[in-house]
Amino acid sequence: MTDHISKNQSLLLLRGARVVLPQGIEQDVALLVEGNRIARVLRGADASPTHAGATLDLVGLTIFPGFIDVHNHGAAGIDTMEASADDLHHVSTFLASCGVTAWLPTLVPGADEDYSRAAQAVTGLMNEQDERPAAARALGIHYEGPFVNVAQCGALRTPYFRTYSNSSDLDTLTKIAHEGAAHMITLAPEIDGGIELVRELAARGWVVSIGHTRADVETLDRAAAAGARHMTHFMNAMLPLNHRAPGPVGWGLVRDDVTCDVIADGVHSDPLILKLILRCKTAERIALISDSIAPTGLGDGEYHIWDEKIAVVNGRTQNERGSIAGSVVTMLDCVRMMLSLGASAHDVARMAASTPARLLGVDDSCGSIEEGKRADLVALDDEGRVRLTMVGGRMAFRVE
Ligand SMILES: [Zn+2]
């Protein structure tokens with residue numbers, strides 16, 4: 001059994017917990033972690049601690065694949081638009097305490113120099129995060145805008161919005177100088193040059209997501225044909241459903257080849273709507289996101305972010321124009337919300353890990369608990385509290 005286990009890698013056996021595997025939840029399964037990978041998924045007698053190496057008893061806990069947040073503007077007092085690499089690592093550490101093992105720092109529309117500085121910080125973090133103390137890994141960058149619809153701006157700053165005429169318009173989007181970095185963008189295909197923009201970015205390997213949009217069905221079909229395959233904070237910052245003009249919501253609900261993400265905080269969408277989305281899209285086509293902003297983790301108060309005052313009252317954000325300005329929840333809150341609405345642990349694992357991993361094209365290495373994949377894991381107790389977060393086999397958070 002241990003033939004393939006090399007002698008010089010550290011071994012750790014996680015046993016006693018329920019484990020959420022791709023095929024469903026199983027009891028009496030142990031995970032043998034070797035270095036940064038899950039070396040074995042062990043059952044029955046094999047699951048007992050006979051292997052060389054340490055054993056961690058996790059009786060009473062449920063191990064999920066680590067959560068992946070593809071839309072996050074910061075937390076713990078740090079805004080991704082102003083963060084240094086050290087600041088971002090601070091966010092990564094906070095996120096790990098909430099069960100997140102990977103995330104995409106997400107930028108709001110800003111001046112070229114602000115974009116460039118923020119993207120350099122992400123590059124800096126990515127190039128050294130394996131040497132830093134274990135924390136959620138940044139996987140790349142997500143540009144929310146600037147090619148979006150002014151009429152669905154939400155809390156984004158419209159003076160920085162753009163339309164598209166040729167590839168030099170993309171110079172504003174600094175790429176992450178790290179091999180394998182994911183580049184995601186939220187755009188509105190109906191803006192001038194929008195379809196050409198989708199085609200160009202898809203050809204460059206970007207993950208193109210439709211959002212902040214009022215596109216009609218014909219435009220959305222063209223965007224999908226050009227390479228858009230996802231929708232950002234579905235139902236928020238998009239034209240609402242109308243039975244004679246289905247728009248982005250009607251289109252997104254019925255397109256099985258399009259995934260969508262939702263802020264499952266119960267504020268951005270009513271819990272009943274979250275149930276509706278789950279029923280129409282199924283867990284395989286939903287990614288949970290936090291869309292969290294800097295005050296996340298700090299409590300209610302008034303904060304200065306994105307050149308304006310943002311108030312957090314009873315866990316809700318509001319800017320001076322009265323718009324919701326992102327959330328102050330974490331992926332953990334979204335997971336708990338979906339569980340409270342009756343989603344199974346299996347479905348939650350898909351929404352919080354597998355779907356986002358597939359969206360970013362990293363599902364060959366993470367997003368599910370399988371032999372050979374990274375040991376990116378979170379163990380929750382029955383109250384939904386994080387008891388352990390492991391990132392690439394390293395302990396990033398632990399409550400004894
Ligand atoms: Zn956002």
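Donors, as the word is used here, are N, O and S atoms within 2.8 Å of the metal (3.2 Å for Na, K and Ca), and because water is not among the atoms, sites may look incomplete. The model is predicted, so local features need pLDDT of at least 70 and side-chain atom pairs count only at pLDDT 80 or more, while totals for chains, interfaces and linings use all residues. Residues are numbered from 1 along each chain as its sequence is written, and side-chain values use heavy atoms, with hydrogens and water left out.

**The zinc site**

Select the zinc ion together with His71, His73, Glu144 and Asp291, whose atoms NE2, NE2, OE and OD, in that order, are its protein donors at 2.1 to 2.3 Å. Along the sequence these donor residues follow the spacing H-x1-H-x70-E-x146-D. The four donor atoms subtend angles of 84 to 170 degrees around the zinc ion, which makes the arrangement irregular; four donors count as tetrahedral if all angles lie between 85 and 135 degrees, four count as square planar and six as octahedral if opposite donors are over 155 degrees apart and all others between 65 and 115, and anything else is irregular.

Now colour by relative accessible area, where buried means under 20%, exposed over 50% and partly exposed in between (1.4 Å probe, protein chains only). His71 is buried at 0%, His73 is buried at 2%, and Asp291 is buried at 6%. Asp291 sits in the loop between strand S18 (286-289) and strand S19 (301-305), strands (E, at least two residues) and helices (H or I, at least four) being DSSP runs numbered from the N terminus. The phi of Asp291 is near 50 degrees, a positive value in a residue other than glycine. Most residues other than glycine have a negative phi, and most peptide bonds are trans.

Next select His233, in the loop between strand S16 (230-231) and helix H5 (247-254), which is buried with a relative accessible area of 3%. Leaving aside residues up to four places away in sequence, His233 touches His71, Glu144, His212, Met238, Asp261, Ile263, Ile289 and Asp291, contact meaning heavy atoms within 4.5 Å.

Then move to Pro146, in the loop between strand S13 (140-144) and strand S14 (182-187), where the peptide bond from Gly145 to Pro146 is cis, with omega near 10 degrees.

**Two helix pairs**

Show helix H1 (residues 85-96) and helix H2 (residues 112-128), whose axes come within 8 Å and cross at roughly 65 degrees. Axes are lines fitted to C-alpha atoms, for helices over the stretch in contact, and angles run from 0 to 180 degrees between N-to-C directions. H1 and H2 are therefore roughly perpendicular to each other, since angles under 35 degrees count as roughly parallel, over 145 as roughly antiparallel, 65 to 115 as roughly perpendicular and the rest as oblique. The contact joins Ala85, Leu88, His89 and Ser92 of H1 to Ala121, Val122, Gly124, Leu125 and Glu128 of H2.

For helix H3 (residues 194-203) and helix H4 (residues 217-226), the axes lie 8 Å apart at an angle of about 20 degrees, and the two helices are therefore roughly parallel. Here Ile195, Val198, Arg199 and Ala202 in H3 meet Thr219, Arg222, Ala223 and Ala226 in H4.

**Last stop: Leu58**

Finish at Leu58, in the loop between strand S6 (54-57) and strand S7 (62-65), which is buried at 4% relative accessible area. The C-alpha atoms of Leu58 and Arg15 are separated by 5.8 Å, although these residues are 43 apart along the chain.
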